[in-house]
Amino acid sequence: MMNRIMRFLGILMVAATLFAAVPNDTKAQCAMCTLTAENATEHGNTQGKGLNKGILFLLAIPYLAAVGIGVLWYKKYRSKKTVNVDNDPIVLN
């Protein structure tokens with residue numbers, strides 16, 4: 001019980017330290033991308049839409065890979081269901 005409390009307090013301290021160390025205002029884009037995105041919204045350009053689609057595409061790829069690995073893992077390690085008919089096992093999967 002004491003080990004769990006110490007582990008929880010350790011995780012809480014690490015989380016608090018990371019939370020305090022993260023800067024409040026971060027810029028996620030380079031200056032050129034920011035300028036293109038801002039101008040696209042002001043002047044109706046389609047470059048901003050392409051930039052947003054590219055960001056969504058790059059964001060979706062890791063999730064799709066994780067889902068693919070999860071499906072493969074599920075298919076490989078799911079339990080085989082067998083039924084005995086006249087002392088002969090029959091695999092249902």
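Select helix H1 first: of its 20 residues, the number buried is zero, so the helix lies largely in the open. The model in the viewer is a predicted one.

Keep residues 2-21 selected, as these form H1. From the first C-alpha to the last, the helix reaches 29 Å, close to the 28 Å expected at 1.5 Å a residue.

Next, select Phe 8, which lies in helix H1. Its relative accessible area is 54%, and Phe 8 is therefore exposed, the cut-off being over 50%.

Now extend the selection from Phe 8 to Met 1, Met 2, Ile 5, Met 6, Leu 9 and Leu 12. Together with Phe 8, these residues make a nonpolar surface patch of about 790 Å².

Finally, display the whole chain and colour it by secondary structure. Three helices and two strands are present, and from the N terminus on they follow the order α-α-α-β-β. With a surface shown, the chain exposes about 8,900 Å², of which carbon and sulfur atoms supply 66%. Of the 93 residues of the chain, 2% count as buried.

Notes
Residues numbered from 1 in each chain as written. Predicted model: local features only at pLDDT ≥ 70, side-chain atom pairs only at ≥ 80, totals over all residues. Heavy atoms only, no water. Helix = DSSP H or I, 4+ residues; strand = E, 2+ residues; numbered from the N terminus. Expected span 1.5 Å × (residues − 1). Buried < 20%, exposed > 50% of the residue type's maximum accessible area, 1.4 Å probe, protein only. Patch = residues over 30% accessible without salt bridge, like charges linked within 9 Å, V, L, I, M, F, W, Y side chains within 5 Å. Areas by Shrake-Rupley, 256 points an atom, 1.4 Å probe, with all protein chains shown as cover. Salt bridge = Lys/Arg side-chain N within 4 Å of Asp/Glu carboxyl O.
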